[in-house]
Each structure stands twice: as C-alpha cells, then as structure tokens.
Amino acid sequence: MQIGSLTLEAPTVLAPLAGITNLPFRLLAREAGCALVYSEMVSAEALVRGQPNTFALLRSLPAEKPLAVQLFGSDPGRMAEAAAMVAASGADVLDINFGCAVKKVVKTGSGAALMRTPKLAQALLAAVRKAVRIPLTIKLRSGWERSAAQAFELGAIAQECGVDAVAIHPRTAVQKFSGRADWSVIAALKARLKIPVIGNGDVFCAEDAARMLSETGCDAVMVGRGAIGYPRIFAEIASRLREEPAPPEAAGERAAVMRRYAELSAACYGPQIGSQLMRHRLGWFTKGIRGGATFRKAASAIASMEEAYELIAGLERAMRA
Ligand SMILES: Cc1cc2nc3c(=O)[nH]c(=O)nc-3n(C[C@H](O)[C@H](O)[C@H](O)COP(=O)(O)O)c2cc1C
C-alpha cells in the first residue's frame, strides 16, 4: 500500500490510542510486524506553545519507523505551525484527528467536531497541506450523528486538498464506542475516493482483519483495542494474509513480550517513570489469562523495575506450570 511517497510493507496499521501508543508500545507493534504505527494524539496548541511534555510525545527511534504523528486542533494557522514542527521532528506521516469525541476536545472545535464544520475542515487541511510535504492522512468517524454522509463529504474535501489517505472508524461521534462499527461505510468511502482508505473498527483477530480487507476493499486495516496487550495480533494477521497458519503462542511468549515492554519503557523514560507506567500497563497483557486478576492487583503496587521483572518472572513460572 502507498501513502503518498511512503510504501507500506504490509496492509497493517496501529491505531492512534491516547494513553497507550507511546514509543515503547509502538516499538512492540513494529517488532510484531505492524507496517505503520500512529502516535497518541498530540495537541497542536500545546505544541506551538512549546509545552515540554507535549514536545516529548514527538520523540521517536529509527526502529519504529515509519511513524505517523497525529495532531488535533481546529485553528488552521496553529495547525499549520504544529504540522511543520511534526515534519521537522522527522515523522514520516502527519495525521489529523477528525474522530475524537471526548468533550474536552470537541468543545474546542477539534476532533469529531470538525466533521460538522466542513468549511473550517477544508481551510485547515489546505493550510496544513501547504505547510508540510510529508504524507498526510486524516482519521474520520462516519459522522457526528448521521452515519456516512459527513464522512463522504470530508473524504472528498480531503482528497481535493491533497491528503494522501483517509482512515475511517465507522461509528458516529454520538455513538462513541457503542454498537458495532459499520464496515459498509468503509466500502462505500473506498468506492468514492481515489486515495487509499484505511479501515478501522472492531478488528480483534486475524480473521477479522482478512474479512475487513475482503468485504470492504480497503487498502489497509488499522487495529486499536485488539492490539492493546496483544501486539502479536500483527504477526497473526501477517500469517493469515499469507494464508499460513499462525504459530500458536508459546508458553513463555507472553511473559517475554511483557519483559520487552518493561525494558523498552525503562530505556525510554528511566526506571522511575518506567516502573510507575508498569503498574497499570503490564496488566493489559494479562487479560483473559489464568492468574491475570491476581497479577494486575500485585502490579498496581510495583515500586521499581526489579519488582516489575520479578512479577513477570512469577507469571511466567505459573504459565509454564
Ligand atoms: C483508549 C483509546 C484511546 C484512543 N485514542 C485515540 C486518539 O488519540 N486518536 C484517535 O484518532 N483515535 C483514538 N481512539 C480511537 C481508536 O484509534 C480507534 O478508532 C477505535 O478504538 C476503533 O478501533 P478498534 O475497534 O480497533 O479499537 C482511541 C480509542 C481508545 C479505546
């Protein structure tokens, strides 16, 4: 698949997930074979104002490339300025958030609110397109409350403005995460646009990914919740698309991925912040496994990286037994 000048090795993309797709998480996804990773959403306002914590979100490493950085905002001039900062940071793709339905974001006119203001959306995309040469994508919902019509309108505007690909999560903003993603909207958008369409929503296993690709004709699948604590989903999708059986998860594999995630977190943020992050984040990898609830309770009290590694070793022994 092609996004502007960028060629993807496979039709798999890690969704932008606030509070989740930080640098260590993205590295795990790439190591599992995901072809393109998206950052957490980054506030254009905070970036332009020079907030150090926001600027830190742009940090990357060669091993995770290609990286797409997602911005949210609603002022065309500020967005163009922030876009130039993202391009200067070395990001391979810039994405604009048209889907976030969280009150804090929507009340500033950003995220899914932009789907209700097509003229502003057009001005914003034109300004951003002028500011950067790197491949540009947008991530849509199907609309604010009416399904599809707004996505079709925004998709056409994006294409006209020189956007290189459109990702769509076919739920309305009002729906948030309820109900099922309406994949027929992905197919309909794909049929209307010349630029590539990335399908998103409710891909929880390799079979779902294969079905989304064949049912909708989309160019790539974007996986969000299905990858949280289970980056292996990308390797399983790759096997499925090659029509090969995915090797079953080995006994020690889950613990090895958790240890890798802990090591990457400590390397990226230092042992103190790394261990704080592990209190909540290690639990993601233990959903649905025997002893998971006990592990998560113990993990919530982690005070050092040594404790994190000991807990993982304990879980590994239990899983092998
Ligand atoms: C915890 C969480 C955080 C999210 N953060 C973002 C975000 O920062 N930007 C964005 O465009 N979408 C965000 N989303 C939406 C996802 O990218 C994706 O569209 C949605 O989860 C549907 O895909 P899925 O069914 O594969 O999870 C978030 C979703 C979740 C569950």
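The following legends describe close-up views of a predicted model.

Residues are numbered from 1 along each chain as its sequence is written. In this predicted model, local features need pLDDT of at least 70 and side-chain atom pairs count only at pLDDT 80 or more, while totals for chains, interfaces and linings use all residues.

**View 1. Helix 11 and helix 14.** Helix 11 (residues 253-269) and helix 14 (residues 305-320) have axes that come within 9 Å and cross at roughly 170 degrees. Helices (H or I, at least four residues) and strands (E, at least two) are DSSP runs numbered from the N terminus; axes are lines fitted to C-alpha atoms, for helices over the stretch in contact, with angles from 0 to 180 degrees between N-to-C directions. Helix 11 and helix 14 are therefore roughly antiparallel to each other, a term for angles over 145 degrees. Helix 11 contributes R254, A255, M258, R259, A262 and A266 to the contact, and helix 14 contributes M305, A308, Y309, I312, L315, E316 and M319; contact requires C-beta atoms, placed from the backbone, to lie within 7 Å.

View 2. The buried residues of helix 11 are R254, A255, V257, M258, Y261, A262, L264, S265 and A266. A residue is buried if 20 or more other C-beta atoms lie within 10 Å of its own, exposed if 12 or fewer, and partly exposed in between, with C-beta atoms placed from the backbone. Their cover includes helix 1 (23-31), helix 12 (271-281) and helix 14. After helix 11 comes G270, which has a positive phi near 90 degrees.

View 3. D92 is found in the loop between helix 4 (76-88) and strand 6 (93-98). It is buried, with 20 other C-beta atoms within 10 Å. Leaving aside neighbours within four places in sequence, D92 is in contact with L6, K65, P66, L67, A68 and I134. Of these contacts, K65 and P66 are joined by a cis peptide bond with omega about 0 degrees. P66 lies in the loop between helix 3 (52-56) and strand 5 (67-72).

View 4. Most residues other than glycine have a negative phi. K176, in the loop between strand 8 (165-172) and helix 8 (183-192), has a positive phi of about 50 degrees. D202, in the loop between strand 9 (197-200) and helix 9 (206-216), has a positive phi near 65 degrees. K176 is exposed, with 12 other C-beta atoms within 10 Å, whereas D202 is buried, with 20.

Terms used. Angles under 35 degrees count as roughly parallel, over 145 as roughly antiparallel, 65 to 115 as roughly perpendicular and the rest as oblique. Two residues are in contact if their C-beta atoms, placed from the backbone, lie within 7 Å.
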